[in-house]
Amino acid sequence: MPEPTHPALDQAISTVPSTQFHGVDGQAVRPCTPAAVTHRHLRMLDVHPGANVMDIGIGSGLSAALLARLAGAEGRVTAIEIEPDIAKRAEALYAEHGHRVTVAVGDGLLGYPPSAPYDRILVGTTPPAIPDAWLQQLKPGGTLLCGARLADLPGAYAIARVTVDDHHQPHTVEIHHGGYTPMIAAFPLKTTCRAVDPQQPERALTILGEYELGVAASLLSSLTETPRIAPTSAPGTDYFHLKNWLIAIAPDGLLEATLDQGTGIGIGFLAPDGAAHAAVITDAHVIANQAESPALEALGALVRHWWETGAPRTHELRARLIREGESWHARIAPAVTSFPRP
């Protein structure tokens with residue numbers, strides 16, 4: 001999807017160099033969202049002069065500085081940060097370079113009611129779920145852009161763009177490829193089984209569903225003992241859109257694995273004879289327990305179907321928010337509901 005044009009943002013970018021906040025080596029704050037990602041998300045947020053904006057998770061401080069330029073003298077930008085040292089650093093940079101940003105130290109999950117209601121809310125981090133407080137603090141018709149989790153798999157991150165109606169309920173929901181670092185808050189993985197290689201803890205496998213630990217451990221072993229490795233059929237950015245499509249259709253045995261070859265998504269199950277079969281695709285490789293693995297066949301059929309239906313992009317999937325208590329969970333579904341299942 002082409003990015004919307006935004007001359008005002010282009011002007012802001014030209015007057016607020018990222019080196020002010022990222023440092024000359026780009027590593028002044030870790031983790032540090034790349035400037036190009038910040039720019040892309042600000043285009044999606046579409047901030048106009050006079051807007052009242054909340055920025056949650058200051059990070060380097062760049063996003064709030066750009067927001068202040070976009071909101072202008074008649075607007076207002078409030079930046080919330082839970083880490084006092086990070087907040088203090090950003091506040092000093094705002095003062096040094098003349099950026100009109102109000103900094104508050106606090107838990108971003110609560111928003112910041114004193115400056116509400118907001119026209120726009122930008123959240124440069126991923127919460128366990130989207131707090132209803134953020135929607136309540138938006139003006140009717142206002143827009144929230146934040147990191148979101150699409151499933152209980154560890155790497156199921158994306159970007160949610162949500163507008164609210166007159167009752168502060170979700171009006172439009174879009175899910176886009178991308179993601180932010182998780183918030184300093186626990187991610188309760190309610191419906192997964194995870195195994196870690198005791199000899200090499202960096203190797204791990206998480207399968208979606210209620211399985212016994214031995215199943216996940218067997219699947220992980222099958223992918224590390226004598227794996228069959230081939231080039232990926234979804235390189236680069238294609239992989240991430242394929243990954244989100246697989247999360248959307250949620251086939252039985254969906255799993256995520258971190259192996260020597262990288263982190264990928266795939267299919268796994270135990271055969272009637274107890275043999276473990278698993279296959280994983282990354283942006284560079286396809287890894288399977290054996291060349292004739294039924295899991296590899298099942299995963300291959302799904303990948304082929306994704307290509308045959310036009311390799312749908314993440315933003316083309318159907319998106320919604322599901323309420324659970326005082327939070328909302330982002331979920332996606334395929335636009336085309338007919339697909340092969342393992």
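I began with the charges of this predicted model, and I found that the mean positions of the 24 positive and 35 negative charges of the chain lie 4 Å apart.

Next I counted salt bridges, and the total came to eight. I noted that one of them joins Asp 119 to Lys 139, with the closest N and O atoms 3.3 Å apart. Because Asp 119 sits in strand β4 (residues 118-123) and Lys 139 in strand β6 (residues 138-149), this pair ties together parts that are 20 residues apart in sequence. I recorded Lys 139 as partly exposed, at 30% relative accessibility.

I then looked up Asp 132 and Arg 323, whose side chains meet in a salt bridge at 3.3 Å, N to O. Asp 132 belongs to helix α6 (residues 132-136) and Arg 323 to strand β16 (residues 318-324), so the pair links parts that are 191 residues apart in sequence. I saw that Asp 132 counts as buried at 5% relative accessibility, whereas Arg 323 is partly exposed at 37%.

For Asp 260 and Arg 203 I noted a salt bridge of 2.6 Å, N to O. Asp 260 lies in the loop between β12 and β13 and Arg 203 in the loop between β9 and β10, so this pair ties together parts 57 residues apart in sequence. I also wrote down that salt bridges with shared partners join Asp 132, Arg 323 and Glu 326 into one network.

Finally I turned to the whole chain, which has nine helices and 17 strands, and in which buried residues make up 51% of the 342 residues.

Terms used: Residues numbered from 1 in each chain as written. Predicted model: local features only at pLDDT ≥ 70, side-chain atom pairs only at ≥ 80, totals over all residues. Heavy atoms only, no water. Helix = DSSP H or I, 4+ residues; strand = E, 2+ residues; numbered from the N terminus. Buried < 20%, exposed > 50% of the residue type's maximum accessible area, 1.4 Å probe, protein only. Lys, Arg positive; Asp, Glu negative; His and termini not counted. Charge placed at Lys NZ, Arg CZ, Asp CG, Glu CD. Salt bridge = Lys/Arg side-chain N within 4 Å of Asp/Glu carboxyl O.
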